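Hi,

Here is the structure I promised to pass on.

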Amino acid sequence: MIGVCIPAHNEEACIDSCLASVARAASYAGLAGEPVEVVVVLDHCSDLTAMRAAAWRVRQLTTSYRNVGLARAAGAAHLIGMGARWLAFTDADTQVGETWLYDQVELRAAVVCGTVGVLDWSSHGGHAQRAQAQFQTSYQDKDGHRHVHGANLGVSALVYQKSGGFHALACGEDQSLVDRLEQAGVSIAWTSRPRVVTSCRAYSRVEGGFATALRSAWGFGHEYAENLCSQSSLLFGANSPPLVVHAASALLPED
């Protein structure tokens, strides 16, 4: 069984699009009918995220962590308890490609680190053109990249458990996990094959993550590059040679 974990904090505007895309990925023919279970972790939600998610064939966990690391860990633990062999992680403001799950498991690696695309730059207002240009110039959307995104991450359940899982970090929990797995010597696919697109918010739920990195483009070019390099390798990866494993939306609404 494949498990999909989606942490959500007040995502009523995005959750339907996210779950529709995950549903398509879960029913992709290449998975040959392998069951897919989806868990939405409602972390301190005060909006209609739960009501919207209830329209889909997904499981909901309700937490009050206000911490994405703990939310991802809770979802992962639930899926492992259900018998998941593979854990796929994305975010509630993200839409995954139809072959997302298939591509992750077919890479035959212990960890799959995918890249992200951007849906819409309008949230950056008058800075949108600059932010987009900097992203397109600096981001490495190709095999062999060194980016880590919780919105496009896959891990063998066994390897995840041995690593100790996600730590209680408000930001960078994904990078921390991958760093430990890399130090342990497990096989990692640094790949652009599993596709996702994200909302590209100018301001996210936490400071210091992807949105903060993109917003740095509003300033000066040199300052932008320094900020990106310091923020969990979100846009710039390490220069060390990566281990590359060659690689790249249905749960339907309840009636």
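Let me start with a question: is Phe-166 buried or exposed? Phe-166 is buried, with a relative accessible area of 6%. Here buried means under 20% relative accessible area, exposed means over 50%, and partly exposed is in between, using a 1.4 Å probe and protein chains only.

Some housekeeping before the rest. This is a predicted model, so to speak of local features I needed pLDDT of at least 70, and side-chain atom pairs count only at pLDDT 80 or more, while totals for chains, interfaces and linings use all residues. Residues are numbered from 1 along each chain as its sequence is written, and side-chain values use heavy atoms, with hydrogens and water left out.

Aromatic rings

By the rule I used, there are four aromatic pairs. The rule takes rings of Phe, Tyr and Trp (its six-membered ring) with centres within 6.5 Å; planes under 30 degrees apart count as stacked, over 60 as edge-to-face and the rest as tilted. One of the pairs is Phe-89 with Phe-166, edge-to-face at 5.0 Å centre to centre and 85 degrees between the planes. Phe-89 lies in strand 4 and Phe-166 in the loop between helix 6 (157-163) and helix 7 (173-183), so this pair ties together parts that are 77 residues apart in sequence. (Helices and strands are DSSP runs numbered from the N terminus: H or I over at least four residues for helices, E over at least two for strands.) Phe-89 is buried too, with a relative accessible area of 0%. Phe-166 also pairs with Tyr-160, this time tilted, at 5.7 Å centre to centre and 55 degrees between the planes.

Strand 8 and its partners

Strand 8 (residues 153-156) pairs with strand 4 (residues 86-89) in the antiparallel sense over four bridges; two strands count as paired if DSSP finds at least two bridges between them. Phe-89 turns up again here, standing opposite Leu-153. Strand 6 (residues 111-113) also runs antiparallel to strand 8, joined by three bridges, and there Cys-113 has Leu-153 as its bridge partner. Leu-153 and Val-155 point one way from strand 8, Gly-154 and Ser-156 the other way, and all are buried.

Cysteines

The disulfide count is zero, taking a disulfide as a pair of cysteine sulfur atoms within 2.5 Å. Cys-113 is buried at 1% relative accessible area, whereas Cys-45 is partly exposed at 28%.

Nonpolar cores

I defined a nonpolar core as a set of buried Ala, Val, Leu, Ile, Met, Phe, Trp, Tyr and Cys residues joined through side-chain atoms within 4.5 Å. The largest has 39 residues, and those touching the most other members are Val-4, Ile-6, Leu-19, Val-36, Val-38, Trp-100 and Leu-101. Helix 1 gives the most to this core, with eight residues. A second, separate core has 28 residues, including Val-155 and Trp-190.

Other bits

The charged end of Arg-146 sits over the ring of Trp-190, 4.3 Å from its centre; the test is NZ of Lys or CZ of Arg within 6 Å of the ring centre and within 35 degrees of the ring normal. His-44 has a positive phi of about 55 degrees although it is not a glycine, and His-44 is in the loop between strand 2 and helix 2 (49-53). Arg-66 has a positive phi of about 55 degrees as well, and Arg-66 is exposed, with a relative accessible area of 60%.

Cheers
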